[in-house]
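Let's take a walk through this structure together. Keep the sequence and the 3D view at hand as you read.

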Amino acid sequence: MIEALVAAVALGLLGHVLLTLWLMTYTWNHPERMAATRGPRCFRAPELGFTVLLPARDEEAVIAETVRKVAAVRYPSGLLEVRVICHADDESTIDAARAATAGCELVNVSVETFGGTPVNKPRGLNVGLAVSENEVVCVFDAEDDIHPDIFNVVNTVMLDEQVPVVQGGVQLVNMLDRWFSIHNCLEYYFWYKSRLHFHAGVGMIPLGGNTIFLRRGLVERVGGWDDRCLTEDADIGMRISALGVPIRVAYDQEWATREETPVTVGALVRQRTRWHQGFLQVLGKADWRRVPGWRRRALALFTFAQPLIDAAVMCTLPLAIVGPFFGGPFLHRPPVYVALLSFAPLYGLLLQMVTHMVGARMFARDFGLKLPATTLCRFPLTHLLYQFLLGAAAVRAVARHLYRRTDWEKTEHVGAHRSQTVPVCQAPGPAVEGPADVPIPSLPSAASPRLESDA
Amino acid sequence: MTTVPSSGGTDLIPRRPTGSPQRRGRTAPLQITAVTAVVVLNVAVLGYNALHYPYLENDEGTYVSQGWAVFAQGRLSPYTYFYDHPPGGWLQIAGWQVLTGGADGLFGHGIASGRIFMLALHAGSTLLVVATGRRLTGSLGAGLLAALVFGLSPYGIEFHRRVLLDNIAAFWMLAAFLLLLSMPLRLSRVWLSAVALAVAVWSKEIAVTVLPALAVLTARRAAPHARWLSFWTWLTLCLSLISLYPLMALLRGELFPYGELLGGRRPHVSLLCGLQWQASRSTDGGIADFGSGFWQNAIHWASEDPVVVVGGTAAALACVVLVRRDPGLSMLGWLIFSFWLFLGRGGLTLGFYLVPLLPFLALALAAVTWRAARAAGDRVPRQKGPVTAVLRSVVALGCAGRSSSRSPGRGNGNGGTLNPQMGSRRPSTGSRRTSHRTTRSSLTCTCTPTSTTRTTPYSGLSPRPTTTGRPSWTPPSGRSSTTTGARSTTSSPHPSSCKTPRRWVSLSSARPWTTPDRSPASTRGCPSTSARSILG
């Protein structure tokens, strides 16, 4: 009996590890998907008007720089509308935002405040939506570093392909700040560079928290953001998917929005708990059942049930660790194939770790960062610790969900990603206004953009 | 519209050069027919008197009985399993026995069942050789030629029918190699290749000798954006699966020898003892000592099957030296030499140890011959279909074989005597040089400025770039005469010059290879007089 249990747990864990590995490496297995979800190689003339929603709470340290980054994009300022949304009791952030907006070049920028409860991001987004009018609504977080051409990219994609929703790339970049930072960065790297393309291929995309662009009519049609949901982004993405509306992924690491990792282990666990809990809420709301196509529904189920799976993995971990040694020569001896099978999850974990280590090197190369040898040396140990933290966060999320504790655990931001010397993101030039034939300053690598487009 | 910056990247999707759909549609039935014919021919040649010729080997009985013990007794061996080899080979035999109704099953007795399994594996290996040859050269004709060389090899006809772990390992080694030649090389194929090589090692441990060559092939063939990921995951997966073997020994409490610190006091067999024993069997000077068992066997192999052994090795040399930029061919050459190096390490060398190398030698020979024939016969209208192409290459192969094996004599059937072709106990460097020179001159014909023909990987899959309708050729050295724009070439032998038929050793004259029991080397290394064969 105990042998059957060990074998079942081992097979389950192995399946989970291999499936995760498959999704992590999807884009290297299907490079054509990455090519298909790339952004455009040349841009259309600016035409669409964008509303930038910047919900902020306790972000006085970073909000001013974020406003400056938005003001410095290469897009006509007449087509941009920026709304910084704060709760009325957050005076320091309001002051910082007002100071920043007063000095920027944008003509249509304001700081909006709201009172009452709940005090969370979806509430702020709904407030911002109500006081804006441009036809495309986009969401950024208060600490985001956005690429100067991101609006050109989305303008081109939306007009060329007539898609109402676009998800851009997001990447954490301060990989050396804490011991867990590199693992957090790699999670984003594998998600946006690989797994998101799998979701795009299937046609079911849980939207990310920022760098999302939605047609205003569509947002209003689904009733805005759910201010009781802890992952309002995934929730609205699911409701849009349930309408059968296609979501376009436009990922290119060059245009990815840069962010920072949580500053402490506690902040990381709290952030992850909130995400897990939000996914459980989305799972419970059952919008995913209305998504057309069984493959999409199955993928939605797998995605939003991830907290439950992670919690189950965490709970069976002791058995997975003890199992191999339980079959060893020192204790009771089961059939050798059961004992071998019980080692399978550990082998899967080893393969996953190697993939992460290679991913760390690729990530550093892609973003022009330097990866110290010491980081790689301690990588196996920190990887195991990080996986343990994620599992613990999943268990915590399930427990909180069962106890119906749904308060928003805010993640602190200090702007650590802005101290990184990332060379890819070029210093923004002046915003481009005027006719389409005005040449936009190009990066040195753009020798033959047309060829890239035709490839 | 405005031109805007873009990140300069590379084309992420490797193109698959293929012909037009119409042409593919026309040629598909003919290709299928040709492949089927070659497979049927190989199976028929091997299957003829397969259950009796040359005799039933005791090793065969060992593996069949061990396969039977897996399901009948729930053990890895009817006797004590003492880690002579990893059990993957007879686990597959056990699976075959289950599929065919038991060890005796459909075929009368256990060894007959095992030999039919070998026949099925041979059919599979033939298909793999065809596919690999096609991948290596871009031409089905080369694949068919390799399969013919593989299937009609007198050495292979002798040993492929026997229930040997080497035959099983060879199949999986071929699969691992072929998967790495996929176009484009996706990560899933890389992983499958790692699994296939691990199964090969689990079938017989000697397959581990090709691991370095395949690892390098993985790194060279992977797309630039996935190179690191492909290489490291291939290596990790492969080594992880192989490591299950020592892990199994550890879990059984049989990794360390008893009486030592970690081995305990209970008397038992152990993996380390098994490896130590294998390494100590018949040690001699190996490749550095011309009187060693390795050289005796090598000379014997070369005398009995010079086309595959000498020709294949010479072709491997050509692959390593002349086509370094083609990852598939050059790593095929390195794979062959790494295996030769293993055989010449100074340990026990038995007659059937060449079995895993045979398909690779056939592939190297066919691929190099094919490319030489194409380089030489470029003026002859091509696209005549696989059968014509095979015939043309067979002619070229015959002439190349004639030039590398000048003596028309054959081995006299005495295993210990010398091959007249060699002229001495040691391999004739002169004849090798001739062969090498012939191949080299065929491969490195340099074009005059009016032609831009060049040798590229998968050149057969893409149109050969020429600026003129008929390229002219210039030989690389002054020894060959220059012919420009004519139908004859300087390097490739013209069919009309091939006056004597290529030498094949007939089955009737082929002496059975030295069997383990008769081999002086094996008796020297055998530690016990147990009735159970522990050789091989």
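Where is the place of Pro54(B) in chain B? Pro54(B) sits in the loop between α1 (21–47) and α2 (58–72) of chain B. Helices here are DSSP runs of H or I with at least four residues, strands are E runs with at least two, and both are numbered from the N terminus. Chain B has another cis bond to show you, between Met183(B) and Pro184(B), with omega about 0°. Pro184(B) is in the loop between α7 and α8 (187–203) of chain B. As background, most peptide bonds are trans, and most residues other than glycine have a negative phi.

Before going on, a word on the ground rules. This is a predicted model, where local features need pLDDT of at least 70 and side-chain atom pairs count only at pLDDT 80 or more, while totals for chains, interfaces and linings use all residues. Residues are numbered from 1 along each chain as its sequence is written, chains are lettered from A and ligands numbered from 1 in the order in which they are written, and side-chain values use heavy atoms, with hydrogens and water left out.

Now step back and take in chain B as a whole. Its secondary structure comes to 18 helices and two strands. Of its 536 residues, 57% are buried; that means under 20% relative accessible area, with exposed being over 50% and partly exposed in between (1.4 Å probe, protein chains only). Chain B exposes about 21,900 Å², and carbon and sulfur atoms supply 62% of that area. Accessible areas come from the Shrake-Rupley method with a 1.4 Å probe, and for residues only the protein chains shown count as cover. Then there are the contacts, meaning heavy atoms within 4.5 Å. Among contacts in chain B between residues at least 6 apart in sequence, 73% join residues at least 24 apart.

Next, follow helix α10 of chain B, which covers residues 227–251. Its 25 residues reach 35 Å from the first C-alpha to the last, close to the 36 Å expected at 1.5 Å a residue; the expected span is 1.5 Å times one less than the number of residues. Along the way α10(B) has a kink of about 30° at Tyr245(B), shortly before the proline Pro246(B). The bend at a residue is the angle between axes fitted to the seven residues ending there and the seven starting there. After α10(B) comes Gly253(B), with a positive phi near 70°.

Keep going and you reach Ser270(B), in the loop between α10 and α11 (271–280) of chain B. Ser270(B) has a relative accessible area of 2%, so it counts as buried. Leaving out residues up to four places away in sequence, its touching partners include Phe82(B), Tyr83(B) and Glu254(B).

How do helices pack in chain B? Take α3 (residues 88–99) and α7 (residues 165–180), which meet at an angle of about 90° with their axes 9 Å apart. The contact is made by Gly89(B), Trp90(B), Gln92(B) and Ile93(B) of α3(B) and by Leu165(B), Ile168(B) and Trp172(B) of α7(B). Axes are lines fitted to C-alpha atoms, for helices over the stretch in contact, and angles run from 0 to 180 degrees between N-to-C directions.

Finally, turn to chain A, with its 18 helices and nine strands. Of its 455 residues, 60% count as buried, and chain A exposes about 17,600 Å². Thr211(A) lies in the loop between α8 (181–202) and β7 (212–215) of chain A. Its phi is positive, about 55°, although Thr211(A) is not a glycine, and at 0% relative accessibility it is buried. Ala286(A), in the loop between α11 (265–285) and α12 (294–304) of chain A, has a positive phi near 70°. Ala286(A) is buried, with a relative accessible area of 16%.
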